[in-house]
Amino acid sequence: MKNPETKIIKVVTGKSHYPIVVGRNIAQNAFEEIFQEYNDHKIAIITDSNIEKIYGNKILQKLDKKDRVFILSFKAGEESKNRKTKEELEDRLFELGFGRDTLIIALGGGVTGDLAGFIAATYMRGVPFIQMPTTLLSQVDSSIGGKVGIDHPSGKNLIGAFYPPNKVYIDVDFLNTLPNEEIINGMAEIVKAAIIKNGELFTYLESNIDRVVKLEKEFIDTAIISSLKIKANIVQADEKELGLRKILNFGHTIGHSIEILSDFGIPHGRAVGIGMAVETLISEKIGILKSEERDRIFQLLKKSKLLEISFKAPVDEIIKKTILDKKTRKGIVEYSLIKGIGKAVYGIKVEDGVVRDSLAEAGFT
């Protein structure tokens with residue numbers, strides 16, 4: 001793709017390597033590039049009902065060979081990330097005659113990427129797939145790293161695989177169609193990246209997060225590129241989450257419990273924002289985080305507006321749900337915590353009393 005303003009970040013792991021192409025107004029050229037590169041493939045664009053309404057016709061109008069390109073959509077929302085939806089989409093692929101020469105494109109947010117990627121991982125024992133994320137949350141987090149999967153009533157993302165995409169196209173202009181709430185939701189993973197691994201980005205956000213949230217070009221571009229580089233470096237070092245990659249789970253142990261207890265009424269980013277607040281308190285209470293750094297983290301979380309949401313749940317119910325999280329080992333929850341801004345640790349076992357006190361301090365009863 002020849003565009004001087006396009007940035008390419010390469011992700012290289014043990015068995016895979018793929019580029020992340022980041023730019024503005026690149027979606028149309030991206031599709032043309034894909035259709036040329038995969039001219040001998042049958043292409044399924046998997047998306048949700050919201051994205052299909054906005055972009056479906058525009059995409060179809062750009063296709064020269066409609067006979068080999070199909071748009072498959074499902075009802076938008078986390079509640080669709082399950083076995084039933086996966087099975088329905090797979091049945092549709094078989095009905096349309098998709099074989100080993102299939103390319104799957106995930107066009108949408110994190111749910112779409114996780115679901116479409118998991119289908120690609122298992123359909124015909126694995127077919128190539130390309131991520132084209134449309135939300136801030138999916139652009140800076142779920143579209144890279146190769147984690148794909150679905151939810152189970154017992155918890156989030158409990159069924160899945162590591163299946164890296166062949167390529168990722170991030171068109172920042174997609175964000176212009178999103179409500180402000182979706183931007184705030186996506187800020188969680190940008191703030192998290194700064195807290196766990198990059199003090200310089202953290203300081204930048206302290207001064208500029210208002211302009212990032214307003215999608216001012218220079219500021220949102222810097223935040224996205226910086227976050228992507230942080231995650232890419234971590235994934236390259238530990239693709240299968242055997243060690244270092246676990247620091248990406250900061251805020252997610254409590255966050256996933258909140259998502260589930262709210263029946264996904266609290267979106268992922270907001271839940272992780274609350275989770276980061278609670279897990280910051282845990283970090284301080286076990287003596288690995290200084291109080292002044294706790295205060296800076298809380299100030300940034302407040303400026304990001306991630307904590308401007310009301311949700312109440314019994315403390316014991318939240319703790320109970322953490323045990324079902326996939327980060328549990330031998331029935332004991334392992335937390336990823338903070339020992340300083342830009343410095344995360346993982347595999348930390350925490351007494352329930354400390355978790356209970358931290359949740360209470362965060363406003364849970």
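**Exercise 1.** Leaving aside neighbours within four places in sequence, which residues is T6 in contact with? Keep in mind that this is a predicted model.

*Solution.* Start with where T6 sits: it belongs to the segment before β1 (7-12). Next, check its cover. Buried means under 20% relative accessible area. T6 comes in at 13% relative accessibility, so it counts as buried. Now for the partners: once the neighbours within four places are set aside, T6 is in contact with V21, V22 and I26.

**Exercise 2.** Work out what span the 13 residues of helix α4 should have, and compare it with the distance between the end C-alpha atoms.

*Solution.* Helix α4 covers residues 110-122. The expected span is 1.5 Å times one less than the number of residues. That gives 18 Å for α4, and its end C-alpha atoms are 18 Å apart, so the two agree.

**Exercise 3.** How many residues of α4 are buried, and what follows the helix?

*Solution.* Count first: 11 of the 13 residues are buried, so take α4 as mostly covered. Among the buried ones are V111, D114, L115 and F118. Then step past the end of the helix: M124 follows α4, and its phi is positive, near 55°.

Conventions. Residues numbered from 1 in each chain as written. Predicted model: local features only at pLDDT ≥ 70, side-chain atom pairs only at ≥ 80, totals over all residues. Heavy atoms only, no water. Helix = DSSP H or I, 4+ residues; strand = E, 2+ residues; numbered from the N terminus. Buried < 20%, exposed > 50% of the residue type's maximum accessible area, 1.4 Å probe, protein only. Contact = heavy atoms within 4.5 Å.
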